[in-house]
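Me: I am new to this structure and would like to go through it with you. Could you show it to me?

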Amino acid sequence: MERYAESVDRHYGNGEVITKIFKGFDLADKNINSLTVDDLSPVDEFHTRGKQSTLEVAELVDLKPTDHVLDVGCGLGGSARHLAEHYKCSVFGIDLTEEYISAGTKLTELVGLSDRVELRQGNALQIPYENNQFDTVWTEHVQMNIADKNGFYSELARVLKPGGHLLFHDVFLGALASPHYPVPWAEDESLSSLVTESEARMIMEGVGFKIDHWEVKVKESIEYFRKGLSLMETDGPPPLGIHLLMGLNAKEKLRNYCLNLIESRVTVALGAVRKST
Ligand SMILES: C[S@@+](CC[C@H](N)C(=O)[O-])C[C@H]1O[C@@H](n2cnc3c(N)ncnc32)[C@H](O)[C@@H]1O
């Protein structure tokens, strides 16, 4: 477990995350004293289709200001801040990568959401919260790094209130399998643990979830990456973007991910599954 945690931390943390983001604010002419949640979204929504997919996932349930939401593998906390700002709910985020938690906490302070968003370091396989504590559990693009899917989904079910929803947005293994590496979540297959959508569904059902909504988003994701990559070719990388989190081979990772989608080596889907009462 320790070696796995170190590998995740090494893959995502680069020691310069907050410095790069602040440099990006400078280049984009953003005043750090008047930042909005939307100003951050190009860089702090580290998943396919950025803010757009977060909006779609959030609309799958009826989030209320009294709700307590847990974002598992929250990264820099972009989705958590969106939920807290838009739905006024209290959002807790955990992530293995210490550097993301400290950078994310700083970003939360800068947009004035510290009273509603709390990020802390923690492992999705041992979530540091009690049973049945959250109205909604949220996870985007995390389980690809986790081999123990049963342990992962069992933990999400454990902390969720009966009748509550797990909202997810994730990458799965496609029909052709054998993805090209590196990809945004892994330099090679040693940190990539993909299962097919049907395997994931079975595991979720096996730990007691009922599938309410499952939507494949391959077509729009390919479109999104094609547009982004072509802009990168003509104009260079934007001042703020998830490439800042992916190291020197960011473009290769994004290109491979897009190619994997095109060649049906991976798929991407979002949805809502409900814990039984
Ligand atoms: C691609 S990023 C997605 C971050 C965030 N969910 C988002 O959409 O912006 C994957 C995140 O999963 C986290 N992660 C991977 N394995 C984890 C685990 N076992 N427990 C908690 N976080 C984990 C990584 O540290 C990283 O921040």
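Predicted model: local features only at pLDDT ≥ 70, side-chain atom pairs only at ≥ 80, totals over all residues.

Me: How many residues surround the ligand, and which are the closest?
Reply: The ligand is surrounded by 24 residues, the closest being F46, G73, G75, T97 and A124; a residue counts if its C-beta atom, placed from the backbone, lies within 6 Å.

Me: Which elements give two or more residues to that shell?
Reply: They are α1 (2-12), α5 (78-87) and β2 (90-95). Helices (H or I, at least four residues) and strands (E, at least two) are DSSP runs, numbered from the N terminus.

Me: How do the residues of the shell divide?
Reply: Twelve are nonpolar, nine polar and three charged. Here Ala, Val, Leu, Ile, Met, Phe, Trp, Tyr, Cys and Pro count as nonpolar, Asp, Glu, Lys and Arg as charged, and the others, Gly among them, as polar.

Me: New topic: how many residues has the largest nonpolar core?
Reply: It has 57 residues, and L70, V72, V91, V137, L156 and L166 have the most contacts inside it. A core joins buried Ala, Val, Leu, Ile, Met, Phe, Trp, Tyr and Cys residues through C-beta atoms within 7 Å. Helix α7 (residues 149-159) gives the most to this core, with five residues.

Me: Which residues are in the second core?
Reply: This separate core of 14 residues includes W185, L254, C258 and V268.

Me: At what angle do α9 and α10 cross?
Reply: The axes of α9 (residues 218-235) and α10 (residues 250-262) cross at roughly 150° and come within 9 Å. Such axes are lines fitted to C-alpha atoms, for helices over the stretch in contact, and angles run from 0 to 180 degrees between N-to-C directions.

Me: And α2 with α6, at what angle?
Reply: Helix α2 (residues 17-27) and helix α6 (residues 98-110) cross at roughly 35°, their axes also coming within 9 Å.

Me: Why does A250 count as partly exposed?
Reply: A250, found in helix α10, counts as partly exposed because it has 18 C-beta neighbours inside 10 Å. A residue is buried with 20 or more other C-beta atoms within 10 Å of its own, exposed with 12 or fewer, and partly exposed in between, C-beta atoms being placed from the backbone.

How values were computed: Residues numbered from 1 in each chain as written.
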